[in-house]
Amino acid sequence: MLEYEDPATWGPEPARPRGRLTVRFLATVVCFPLLCVLGLATLLVFLALGLLTEVIAAVSTRYERGFLAMMDVALDRIRRLGSWFVTWPELRHEGDTAYYRARVEKAVARWTARASAPRRPNRARPPVECAIPLSVYRGVGGWYVAQVALSHGWELRPTDVRKEVRLWWTAASHVDPVHAA
């Protein structure tokens, strides 16, 4: 399990200072609406440009791929602008390990319910891979996510524990003899 990362990084993140979190939360309250407006305006500009250049896109697949790549890069940069935002639950529960344990258990249980759901005809297959983001396990560390996930039947995948913990549903690799194709 620890072959993917240094074992020291699997521990909980240090608690952030309360004053700095409060300032970041207040800045989030002010900047989040502006970021939403900026993202929406950028999306509308790209849609308008796309409609205007539809003739070129119908003829040239290279233009269309470049246009979509440019739109992805622009919207991704806008999304990354909000990476410093602090939410109300983060502000209230910073350093509260019981809260983060409950969040991890709830997230893993939700993914387990999705992955173990029976496959229904003419529907997408249940997910077999998931990622638990750092915001869910910040106060308890990736090690606790691994323990809970392993007890629910998940396997660890190569991951950067400073961002997320990636998991694979082990039952997906077993063939069901009754419903085998």
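This is a predicted model: local features need pLDDT of at least 70, side-chain atom pairs count only at pLDDT 80 or more; totals for chains, interfaces and linings use all residues.

Q: In what order do the elements run from the N terminus on?
A: The order is α-α-α-α-α-β-α-α-β-β. That amounts to seven helices and three strands. The radius of gyration is 21 Å, well over the 16 Å from the globule rule for 181 residues, so the protein is more spread out than a compact globule.

Q: And what does the C-alpha trace span along its principal axes?
A: About 60 × 55 × 30 Å.

Q: How much of the protein is buried?
A: Buried residues account for 29% of the 181. The exposed surface comes to about 12,100 Å², with 63% of it supplied by carbon and sulfur atoms.

Q: Which residues touch the most other members of the largest nonpolar core?
A: They are Val-104, Ile-132, Tyr-137, Trp-154, Val-165 and Leu-167, in a core of 23 residues. At least two core residues come from each of α5 (97–116), β1 (129–133), α6 (134–137), α7 (142–151), β2 (154–156) and β3 (164–169).

Q: What does Ile-132 touch, leaving out residues up to four places away in sequence?
A: Its partners are Ala-107, Trp-111, Tyr-137, Val-145, Glu-164, Val-165 and Leu-167.

Q: Switching to charge, how many positive and negative side chains are there?
A: There are 24 positive and 17 negative ones, and the centres of the two sets are 5 Å apart.

How values were computed. Residues are numbered from 1 along each chain as its sequence is written. Side-chain values use heavy atoms; hydrogens and water are left out. Helices (H or I, at least four residues) and strands (E, at least two) are DSSP runs, numbered from the N terminus. The radius of gyration is taken over C-alpha atoms; the globule rule is 2.2 Å times the number of residues to the power 0.38. Buried means under 20% relative accessible area, exposed over 50%, partly exposed in between (1.4 Å probe, protein chains only). Accessible areas come from the Shrake-Rupley method with a 1.4 Å probe; for residues, only the protein chains shown count as cover. Lys and Arg count as positive and Asp and Glu as negative; His and the chain ends are not counted. The place of a charge is taken as NZ of Lys, CZ of Arg, CG of Asp or CD of Glu. A nonpolar core is a set of buried Ala, Val, Leu, Ile, Met, Phe, Trp, Tyr and Cys residues joined through side-chain atoms within 4.5 Å. Contact means heavy atoms within 4.5 Å.
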